[in-house]
Amino acid sequence: QVQLVESGGGLVQAGGSLRLSCAASGNINLMGWFRQAPGKQRELVAARTSGGSTKYADSVKGRFTISRDNDKNTVFLQMNSLRPEDTAVYYCAADRLNAPYYSGGAKWDYWGQGTQVTVSS
């Protein structure tokens, strides 16, 4: 069983930056970040395959960057130009296969506990 440990959430003013980190305890092909705001469905923010392919939600393109250290099974989410609408609980997710990246499915194998990101106006 792979465990995901997240860090880096917090409170920031609009226009500021935060960096989230997520370390996996085992080898993983697909890693990414979802978020869920109060009263809204969980949505994919960014994903990165083991081969380096990336995808982003339209709302974060140009502001967020996902990167990965494959040797350490760690994924990062650099969030710049944060907006109040980015406020949510951010969840790290991982899958043994890259399949969800291509299918768009949200049922990934492993999930982190979530970290709160709050952007004040």
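Predicted model: local features only at pLDDT ≥ 70, side-chain atom pairs only at ≥ 80, totals over all residues.
I take contact to mean heavy atoms within 4.5 Å. Residues are numbered from 1 along each chain as its sequence is written, and side-chain values use heavy atoms, with hydrogens and water left out.

**M79.** I looked up what M79 touches, leaving aside its neighbours within four places in sequence, and found G16, S17, L18, L20, R63, F64, Y90 and V117.

**Cores.** I then turned to the nonpolar cores, meaning sets of buried (under 20% relative accessible area, 1.4 Å probe, protein chains only) Ala, Val, Leu, Ile, Met, Phe, Trp, Tyr and Cys residues joined through side-chain atoms within 4.5 Å. The largest has 28 residues, and L4, M31, W33, L77, M79 and Y90 touch the most other members. Strands (DSSP runs of E, at least two residues, numbered from the N terminus) that each supply at least two residues of this core include β3 (18–24), β8 (74–79) and β9 (88–95). Another core lies apart from it, with 6 residues, among them F34, A47, A93 and W108.

**Sheet.** I traced an open sheet of 4 strands in the order β1-β3-β8-β7, with antiparallel pairing, where two strands pair if DSSP finds at least two bridges between them. Because β1 (4–7) and β7 stand at the edges with a single partner strand each, one side of each is left without a neighbour in the sheet. I noted 6 bridges between β7 and β8, and T65 stands opposite Q78 in β8.

**K40.** I placed K40 in the loop between β4 (30–36) and β5 (43–48).

Notes: Buried < 20%, exposed > 50% of the residue type's maximum accessible area, 1.4 Å probe, protein only.
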